[in-house]
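Here's a quick briefing on a protein chain for you to explore. Have a look at the model first, then work through the points below.

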Amino acid sequence: MTDLDLRLVRYFTAVAEHRHFGRAADALHVTQPSLSRQIRRLEQQLGARLLERTPQGSSLTEAGEVFLPRAKALLRSAAQAANLARAAAEPSRITVGYTAGIIVTPAVRALRERFPDADVRTAHVDWGERTTALPELKVDVLVTRLPFPTDGAQVTVLYDEPRVLVLPVGHRLAGKESVTLDDIADEPLVRVADPVWNAYWRIDPRPDGRPAPDGPLADALEDKFELVASGQALAITALPRAGALRPDVTAVPMHGVDPAHVVLATRAEERSRLVAAFRKAARALLRASDS
């Protein structure tokens, strides 16, 4: 019987998710050579090759395809076991995670006032870590935008945000009251590595079945705005982020496009009184910036 190191399993799932050793190493905050060594250790333990390097990044072998869903289930099970143990001990500490452009301060302040002896912490969660922050116990609560992997999570919708088109200040559509998908039918849109995220934020395919024109790939929000400012592509994002736009780009509301959804996610088996109290406070106090 092989005793698997959960850390190695987590490293494997990260590479499988990103399909690229470099991006996975950045998300895990380890060096790429170290990550490669850890993956080889896991493959040696299993006696099977899980990943193949390709010119585009990496791909799963047949053994990797079989192992991936079981690896994810193993990590979820371990996280749930740890979570139940913590809940049984009536924890007096909570870490509230949040992603870019989302403000959790009102709910955090209310929780601290209600539980003055509790250790209430906040933590910004990078875009690449939003899928791992909860199962890996980095945070107890995550406030983020859909699409978000909901397997093993309890999700509460908090509010909606209008979606806007970000474009250079000199663009033909800049200054309009609103734009539609027909207005940008032939405009390339910035891509990211996550296909689910791409489908949602690029609205790909369009309602008429046409694919969204491909733009350059971006790894971070700042890279996305740089590509827009330089005229290489446009981007669709949520309204609150428009308030912090750089001066050479602008945002125009999108007409006929469903709003983005901001959600509160916790582990499905979470039983902490602090988490329950924060959920209640978030539903009462957190709102879209334009509401």
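This is a predicted model: local features need pLDDT of at least 70, side-chain atom pairs count only at pLDDT 80 or more; totals for chains, interfaces and linings use all residues.

## A quick tour

Glutamine 38 sits in helix α3, which covers residues 32-46. Setting aside neighbours within four places in sequence, glutamine 38 is in contact with Arg7, Leu8 and Tyr11.

**The whole chain**

- You'll find 9 helices and 12 strands in the protein chain.
- The radius of gyration is 21 Å, close to the 19 Å that the globule rule gives for 291 residues, so the chain is as compact as a globular protein of that length.
- Along its principal axes, the C-alpha trace spans about 65 × 55 × 30 Å.
- Of the 291 residues, 45% count as buried.
- Take the contacts with a separation of 6 or more: 74% of them are between residues 24 or more positions apart.

**Surface and charge**

- The chain has 38 positive and 37 negative charges, and their mean positions are 5 Å apart.

**The nonpolar cores**

- The largest nonpolar core has 23 residues, and Ile94, Val143 and Phe278 have the most contacts inside it.
- Several elements each supply at least two residues of this core, among them β3 (93-98), α5 (105-114) and β12 (260-267).
- Helix α9 gives the largest share of this core, with 6 residues.
- Not counting residues up to four places away in sequence, phenylalanine 278 touches Ile94, Val96, Ala107, Val108, Leu111, Val141, Val143 and Leu264.
- There's also a second, separate core of 21 residues, which includes Val9, Phe12, Leu50 and Leu60.

**Cis peptide bonds**

- Leucine 146 and proline 147 are joined by a cis peptide bond, with omega at about 5°; proline 147 is in the loop between β5 and β6.
- Aspartate 204 and proline 205 are joined by a cis peptide bond, with omega at about 5°; proline 205 lies in the loop between α6 (195-201) and β9 (214-217).

**Positive phi angles**

- Leucine 137 isn't a glycine, yet its phi is positive, near 65°. You'll find leucine 137 in the loop between β4 (119-124) and β5, and at 32% relative accessibility it counts as partly exposed.
- Isoleucine 203 also has a positive phi, near 50°, in a residue other than glycine. Isoleucine 203 is in the loop between α6 and β9, and it is buried, with a relative accessible area of 14%.

Methods. Residues are numbered from 1 along each chain as its sequence is written. Side-chain values use heavy atoms; hydrogens and water are left out. Helices (H or I, at least four residues) and strands (E, at least two) are DSSP runs, numbered from the N terminus. The radius of gyration is taken over C-alpha atoms; the globule rule is 2.2 Å times the number of residues to the power 0.38. Buried means under 20% relative accessible area, exposed over 50%, partly exposed in between (1.4 Å probe, protein chains only). Contact means heavy atoms within 4.5 Å. Lys and Arg count as positive and Asp and Glu as negative; His and the chain ends are not counted. The place of a charge is taken as NZ of Lys, CZ of Arg, CG of Asp or CD of Glu. A nonpolar core is a set of buried Ala, Val, Leu, Ile, Met, Phe, Trp, Tyr and Cys residues joined through side-chain atoms within 4.5 Å.
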